[in-house]
Amino acid sequence: MAFFSEKDGQTEIDFTEEVTAKKLVLKPFVKGFLKKQQELYVSDLKKVLEKNR
């Protein structure tokens, strides 16, 4: 889930996710994977907003 708010004239996004790796081997990679997905989400959102200006 993503919560949007305004801080110092800028939009701030707070991602709240509960994730459990089913395999212990994957556990160290979960945080990096989620961070990459969140960055992709923000990038895609910026593209759509710029397109619709």
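This is a predicted model: local features need pLDDT of at least 70, side-chain atom pairs count only at pLDDT 80 or more; totals for chains, interfaces and linings use all residues.
Residues are numbered from 1 along each chain as its sequence is written, and side-chain values use heavy atoms, with hydrogens and water left out.

**Exercise 1: the fold**

Solution. Start with the terms: helices (H or I, at least four residues) and strands (E, at least two) are DSSP runs, numbered from the N terminus. Next, list the elements: the protein chain has 1 helix and 2 strands.

**Exercise 2: the overall shape**

Work out how the radius of gyration of the protein chain compares with that of a compact globule of 53 residues.

Solution. The radius is taken over C-alpha atoms, and the globule rule is 2.2 Å times the number of residues to the power 0.38. For a compact globule of 53 residues the value would be near 10 Å, whereas the protein chain has 14 Å. Then look at the C-alpha trace, which spans about 45 × 20 × 15 Å along its principal axes. Last, check the burial: 4% of the 53 residues are buried (under 20% relative accessible area, with exposed over 50% and partly exposed in between; 1.4 Å probe, protein chains only).

**Exercise 3: a loop residue**

Decide whether Asp-8 is buried or exposed, and describe its phi.

Solution. First place the residue: Asp-8 sits in the loop between strand E1 (2-7) and E2. Its relative accessibility is 74%, so Asp-8 counts as exposed. Now turn to the backbone. Most residues other than glycine have a negative phi. Asp-8 is not a glycine, yet its phi is positive, at about 55°.

**Exercise 4: the strand and the helix**

Determine how far apart Gln-10 and Leu-45 are in sequence and in space.

Solution. Begin with Gln-10, which lies in strand E2. Gln-10 counts as exposed because its relative accessibility is 58%. Now compare the positions: Gln-10 and Leu-45 are 35 residues apart in sequence and 15 Å apart in space, C-alpha to C-alpha.
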